[in-house]
Amino acid sequence: MEAMVKMYTLSTCSHCKTTKKFLNDCNVIFDATDVDLLQGDEKQHALNEVVKYNPNRSFPTIVIGDKVIIGFNEKALREALGIA
């Protein structure tokens, strides 16, 4: 079974774009939320989610199963996803 990947990103963030490209290149199915494009309660809810995983609120915040990866870290992503 493939790990569910949830990612909190910003539409303008280069590290977020790099992470999305890496996951796409590896054929990983992921759910990305561009927090800066949300409004009102939806945005607040997303920020509350980010803070649970990453109190610094930096992006991207990537949740894979019970692992949380902050920023683009190819080695950590490969390990969490079981990609050689």
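Two strands are taken to pair if DSSP finds at least two bridges between them. Helices (H or I, at least four residues) and strands (E, at least two) are themselves DSSP runs, numbered from the N terminus. The structure is a predicted model, in which local features need pLDDT of at least 70 and side-chain atom pairs count only at pLDDT 80 or more, while totals for chains, interfaces and linings use all residues. Residues are numbered from 1 along each chain as its sequence is written, and side-chain values use heavy atoms, with hydrogens and water left out.

Strand 1 and strand 2 run parallel and are joined by 5 bridges. Within this pairing, Y8 has T33 of strand 2 as its bridge partner. Together with helix 1, these two strands form a right-handed β-α-β unit; here, right-handed means that, with the strands pointing away from the viewer, the path from the first strand over the helix to the second runs clockwise.

Turning to the interior, a nonpolar core is a set of buried Ala, Val, Leu, Ile, Met, Phe, Trp, Tyr and Cys residues joined through side-chain atoms within 4.5 Å. Buried means under 20% relative accessible area, exposed over 50%, and partly exposed in between (1.4 Å probe, protein chains only). The largest such core has 11 residues, among them V5, M7, F22, L23, I62 and I64. At least two residues of this core come from each of strand 1 (5-9), helix 1, strand 3 and helix 3 (74-81), and helix 3 gives the most, with 3 residues. A second, separate core of 9 residues includes Y8, L47, V50 and F59.

Helix 1 and helix 3 have axes that come within 12 Å and cross at roughly 40 degrees, the axes being lines fitted to C-alpha atoms over the stretch in contact, with angles from 0 to 180 degrees between N-to-C directions. The two helices are therefore oblique to each other (angles under 35 degrees count as roughly parallel, over 145 as roughly antiparallel, 65 to 115 as roughly perpendicular and the rest as oblique).

The loops hold some backbone features worth a look. Most residues other than glycine have a negative phi, and most peptide bonds are trans. N27, in the loop between helix 1 (14-25) and strand 2 (30-34), has a positive phi near 55 degrees and is exposed at 66% relative accessibility. R57 also has a positive phi, of about 55 degrees, and is partly exposed at 44%. The loop between helix 2 and strand 3 holds R57 and also P60, and the peptide bond from F59 to P60 is cis, with omega near -5 degrees.
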